[in-house]
Amino acid sequence: MTVESTAARKTTRRSSGAKRTASASVKKGQGAEPELVQLLTPEGERVQHPDYDIDLSADELRGLYRDMVLTRRFDSEATSLQRQGELGLWASLLGQEAAQIGSGRALRDDDYVFPTYREHGVAWCRGVDPTNLLGMFRGVNHGGWDPNTNNFHLYTIVIGSQTLHATGYAMGVAKDGADSAVIAYFGDGASSQGDVAESFTFSAVYNAPVVFFCQNNQWAISEPTERQTRVPLYQRAQGYGFPGVRVDGNDVLACLAVTRSALERARRGEGPTLVEAFTYRMGAHTTSDDPTKYRADEEREAWEAKDPILRLKAYLEKAGHADAAFFDELEAESEALGKRVREAVRAMPDPDHMAIFENVYADGHALVDEERVQFAAYQASFADSGAEEGK
């Protein structure tokens, strides 16, 4: 049996499951599917929820739409730059804009964020310049921003480890008597890591003011969710003694409402919450990945109909909250952002090649000194070769 046929059969099962989940979005206890908190349907219709609801102004709604559009534009530009050889790698957030913008806009300035390597939308909400995200992927710096300036930690490549960092930080916040909260982002694949289980245990026992925000985008690289868990991810929280909730990860209003509620609960001293944003990774895991090898086109097409940006746009138009001029201006702003990012990346200076030998040891070290000399000679050989060729 081919990999493609196996993936296609899994896709059929998963697509039908997703449809059942959507149809049961606000029907508690009906059937085996979990409840999905939703405030905006894929068609752009506003619905109510008894436990999670928000009242936003037209300006706030337009702001959320602008956030998602500009985040997607930045993300697509970064993908293009990688394809052109300007970046070594890129992890796209395509399809996950609502989960990130909704949760990001629920945060207060004094809250602290621990991201993975895909939270470009949350970084946008925290005021981190998009161009600062690209230095690491270009290989010219180790992050590019001061985490304490925006309360947004550096990207974490090690899968799941940031949940422990967030838990420890949240325990410190509680000991300091502050009323701020901490949020840790991770994916469905990371939920299988021991670090995540340990962070759940510690946060529950110490009643840490932390929100665990899992973006379940259905695929941990090439592994589907059913290879990660036998129960819906949000239900895992029950075993640790704190609440979990599944939200429509393509509904920016629901993500905002649910995350805001979880953060407020943490600030009140009621401990952690697990939020599972049920969404979908529309593109590759990273630019080194080819998703056509393990999932069928029909699955992506089904999720394209749930596009988070299109559904909010439909609502804005139906409710009369945005006109053609707004969308035209945003399109121009989007193109300007893409141009700025392109120019900034290409203008990034190369780091000092000899800097890798600095700060290895507090004091001098004979072996490091020897390697420094050898590397300097190696670098100089290229300049000598070029000089010889030019003669």
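The paragraphs below lead through a predicted model, from its strands to a pocket and then to its aromatic rings.

Because the model is predicted, local features are given only where pLDDT is at least 70 and side-chain atom pairs only at pLDDT 80 or more, while totals for chains, interfaces and linings use all residues. Residues are numbered from 1 along each chain as its sequence is written, and side-chain values use heavy atoms, with hydrogens and water left out.

Helices (H or I, at least four residues) and strands (E, at least two) are DSSP runs numbered from the N terminus, and two strands are said to pair if DSSP finds at least two bridges between them. Strand β1 (residues 112-114) pairs with β2 in the parallel sense over three bridges, and within this pairing Tyr 112 stands opposite Val 182 of β2. β2 also pairs with strand β3 (residues 210-216), again in the parallel sense, over six bridges; here Ala 184 has Phe 212 as its bridge partner in β3, and Phe 186 stands opposite Cys 214. Together with helix α8 (residues 194-205), β2 and β3 make a right-handed β-α-β unit, where right-handed means that, with the strands pointing away from the viewer, the path from the first strand over the helix to the second runs clockwise.

β3 in turn pairs with strand β7 (residues 273-278) in the parallel sense over six bridges, and Gln 215 has Ala 277 as its bridge partner in β7.

On a 1 Å grid over the protein atoms alone, a pocket is an open set of points where a 1.4 Å probe fits, with protein on both sides within 12 Å along at least five of seven lines, and its lining residues have an atom within 4 Å of a point. The second largest pocket holds about 340 Å³ of space, a volume being the space filled by probe spheres set on grid points that are joined across faces, edges and corners. Its lining has 24 residues, of which Tyr 117, Ile 159, Gly 187, Ala 190 and His 285 lie nearest the centre, and β2 (182-187) and β4 (219-220) each supply at least two residues of that lining. The lining divides into nine nonpolar, 11 polar and four charged residues, where Ala, Val, Leu, Ile, Met, Phe, Trp, Tyr, Cys and Pro count as nonpolar, Asp, Glu, Lys and Arg as charged, and the others, Gly among them, as polar.

The aromatic rings form the last part of the picture. A pair of aromatic rings is described by the distance of the centres and the angle of the planes. Rings of Phe, Tyr and Trp (its six-membered ring) pair if their centres lie within 6.5 Å, and planes under 30 degrees apart count as stacked, over 60 as edge-to-face and the rest as tilted. A search of the whole structure finds 26 aromatic pairs. In one of them, the ring centres of Tyr 65 and Phe 327 are 5.5 Å apart with the planes at 85°, so the pair is edge-to-face. Because Tyr 65 lies in helix α2 (residues 58-83) and Phe 327 in helix α12 (residues 324-346), this pair ties together parts that are 262 residues apart in sequence, and both Tyr 65 and Phe 327 are buried. The rings of Tyr 240 and Phe 242, by contrast, have centres 6.4 Å apart and planes at 35°, so that pair is tilted. Tyr 240 is partly exposed, with a relative accessible area of 30%, whereas Phe 242 is buried at 4%. Finally, ring pairs link Phe 74, Trp 90, Phe 137, Trp 145, Phe 152 and Tyr 155 into a cluster.

Notes. Buried < 20%, exposed > 50% of the residue type's maximum accessible area, 1.4 Å probe, protein only.
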